[in-house]
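Hi,

Here is the structure I promised to pass on. Have a look at it first, and then read on for my notes.

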Amino acid sequence: MTSHHSYNVRLLPYTEINGIRTLRDSDIVALYEKIISDGMKDVVFSDGEIANAFDFLTAMKYGNNKLFVVLADEEWAGVLWLNRFKSKTAHAHFCGFSSFWGKNTVDIGKKAINEVLHMKNGDNNEYLFDTLLGLIPVANIVAIKWVKKIGFIEVGVIPNGLWNEPMKHSEDGMLLCLTRGKS
C-alpha cells in the first residue's frame, strides 16, 4: 500500500441509539489499549486526567466528551473526541494509530475533521460547530505540524496553558483553530 492511497474515511460516533450504545465498553477499552500499545498515552493524556482504561471509559461514557472512531476503509485509524463545548465551538483531540502512521494520515485527518465541521442538528438542520480549537504542547512539534496540514491555523501561544503530569509542571500550549469555510 502506498502513502498516496485514498481511504474511504468515516466517523463512527460513540453514542446511544434507542438505548443501545454504538460501541461496547470493551471496544472503548480496546481503543485506550491501542493508544497505550502505540506508546502515545503520555502524549495524548499528558495532563494526567486519564490514567487508565477505566478513566478513559468513564470520561467517554459519562463525561462531557463526544468520541468518534476514525475509520479508514473500515479499519480503526484513530480516535477523535470533542469537549469543552461552548455555543458552536469545541476543543478537538486526535490520536492516530500506528498501523496508519505514514499512510496518508493528512488526508484521513482532513476527511475526519471535515465531517465534524459539517455535522448538522437534526432538529433545525443547523451546523453543530462553526469552530474547532486545539491546544497542543509547543514541544509536540509533530502534532502541531499535522494539525496545520489538516487545516488548523495557529492563533498563538498560551504561556503555561497546559499541565504536564509526567513532568509535574505547566507548559506552554499552542492554540490552533479551524473554522468551517475559512481554511
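Which residues does Cys-95 touch, not counting residues up to four places away in sequence? Cys-95 touches Ile-35, Met-40, Val-44, Ala-77, Gly-78 and Val-79, where contact means heavy atoms within 4.5 Å.

Before the rest, a word on what you are looking at. This is a predicted model, in which local features need pLDDT of at least 70 and side-chain atom pairs count only at pLDDT 80 or more, while totals for chains, interfaces and linings use all residues. Residues are numbered from 1 along each chain as its sequence is written, and side-chain values use heavy atoms, with hydrogens and water left out.

**Overall layout**

The protein has nine strands and five helices; these are DSSP runs, numbered from the N terminus, with helices (H or I) of at least four residues and strands (E) of at least two.

Along the principal axes, the C-alpha atoms fill a box of roughly 45 × 40 × 40 Å.

Of the 183 residues, 38% count as buried. Here buried means under 20% relative accessible area, exposed means over 50%, and partly exposed is in between (1.4 Å probe, protein chains only). Among contacts with a separation of 6 or more, 57% come from residues 24 or more positions apart.

In soluble globular proteins, nonpolar side chains tend to be buried together. The largest nonpolar core in this model has 28 residues, and those with the most contacts inside it are Leu-80, Leu-82, Leu-132 and Phe-152. At least two residues of this core come from each of strands E1 (9–13), E4 (66–72), E5 (75–86), E6 (89–96), E7 (131–137) and E9 (169–179), and from each of helices H4 (105–117) and H5 (141–149). H4 gives the largest share, five residues. A nonpolar core, for the record, is a set of buried Ala, Val, Leu, Ile, Met, Phe, Trp, Tyr and Cys residues joined through side-chain atoms within 4.5 Å.

Leaving aside its neighbours within four places in sequence, Leu-132 is in contact with Leu-82, Ala-90, Ala-92, Ile-113, Val-116, Leu-117, Phe-152, Leu-176, Cys-177 and Leu-178. Apart from this core lies another, of 21 residues, including Tyr-14, Leu-23, Ile-35 and Phe-56.

Cys-95 sits in strand E6 and is buried, with a relative accessible area of 4%. From Cys-95 to Thr-105, ten residues apart in sequence, the C-alpha distance is 11 Å.

One of the partners of Cys-95 is Ile-35, which is found in helix H1 (residues 25–37). Ile-35 is buried too, at 0% relative accessible area. Leaving aside neighbours within four places in sequence, Ile-35 is in contact with Met-40, Lys-41, Val-44, Phe-45, Val-79, Cys-95 and Phe-97. By contrast, Ile-35 and Glu-126 are 34 Å apart, C-alpha to C-alpha, and 91 residues apart in sequence.

Gly-96 also lies in E6, but Gly-96 is partly exposed, at 35% relative accessible area. With neighbours within four places set aside, Gly-96 is in contact with Asp-38, Ala-77, Gly-78 and Trp-101. Ala-77 is 19 residues away along the chain, yet its C-alpha atom and that of Gly-96 are separated by 5.9 Å.

**Some loop residues**

Two other loop residues have positive phi without being glycine. Asn-18, in the loop between strand E2 (16–17) and strand E3 (20–21), has phi near 55 degrees and is exposed at 79% relative accessible area. Ser-87, in the loop between E5 and E6, has phi of about 55 degrees and counts as exposed at 73% relative accessibility.

Cheers
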